[in-house]
Amino acid sequence: MFMNIGFGNFINSRQILSISRFDSAPMKRLVQGAKEAGTAIDATQGRKTKSVIMMAGGYVVLSALLPDTIAARYRMGDGQTEPAEEEKP
């Protein structure tokens, strides 16, 4: 199943291992390493990177959407219609 990660870019949602914020130093180092190794996929369309999606196979996908937005789209694709229990107000 494919999932929209913003600006007309789609990924295979079954291959997602984690979705993280980009703003920490460890994530920035991870992304830099992936770029050097050729395993980074920039899906930001020139916008500011807000999330890092780790994929099976070692690929790192960069998105301009917030991790919460991507996670909500992931849950909706799994048939869930409500936020997870820990995210309810």
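Me: Helix 2 (residues 67-77) lies across strand 3, strand 5 and strand 6, running at about 150° to strand 3. What makes this a helix, and what does the angle refer to?

Reply: The model is predicted; local features need pLDDT of at least 70, side-chain atom pairs count only at pLDDT 80 or more, and totals for chains, interfaces and linings use all residues. Residues are numbered from 1 along each chain as its sequence is written, and side-chain values use heavy atoms, with hydrogens and water left out. A helix is a DSSP run of H or I with at least four residues, a strand a run of E with at least two, both numbered from the N terminus. Residues 67-77 form such a run, so they are called helix 2. The angle, on a scale from 0 to 180 degrees, is taken between N-to-C directions of lines fitted to C-alpha atoms, for helices over the stretch in contact (heavy atoms within 4.5 Å). Helix 1 (residues 25-37) lies across strand 3, strand 4, strand 5 and strand 6, at about 120° to strand 6.

Me: How many helices and strands does the chain have?

Reply: The chain has two helices and six strands, in the pattern β-β-β-α-β-β-β-α.

Me: Why is D68 called exposed?

Reply: Exposed means over 50% relative accessible area, buried under 20%, and partly exposed in between, with a 1.4 Å probe and protein chains only. D68 has 59%, so it is exposed. D68 is found in helix 2.

Me: What makes strand 3 and strand 4 edge strands?

Reply: The four strands of the open sheet stand in the order 3-5-6-4, with mixed pairing. Strand 3 (16-21) and strand 4 (40-42) each pair on one side only. The twist averages 20° from one strand to the next.

Me: How are strand 1 and strand 2 joined?

Reply: They run antiparallel and are joined by four bridges. F2 stands opposite N12 in strand 2. The hairpin has two residues between the strands, and F7 takes a positive phi near 55° there. In strand 2 (residues 9-12), N9 and I11 form the covered face, F10 and N12 the uncovered one.

Me: Which residues form the largest nonpolar core, and what makes them a core?

Reply: They are M3, I5, I11, I16, A43, I53, M55, V61, L65 and I70. A nonpolar core is a set of buried Ala, Val, Leu, Ile, Met, Phe, Trp, Tyr and Cys residues joined through side-chain atoms within 4.5 Å. Strand 1 (2-6) and strand 5 (51-55) are the elements giving two or more residues to this core. A second, separate core of six residues includes V31, V52, V60 and L62. Among the residues that M3 touches, beyond four places in sequence, are I11, I16 and I70.

Me: Where does pLDDT stay under 50?

Reply: This is the case over residues 84-89, where the model has four contacts beyond four places in sequence. pLDDT is the predictor's confidence in each residue, from 0 to 100. Where it is low, predicted coordinates should not be read in detail. For the chain, the mean is 90, and 87% of residues reach 70 or more.

Key: Two strands pair if DSSP finds at least two bridges between them.
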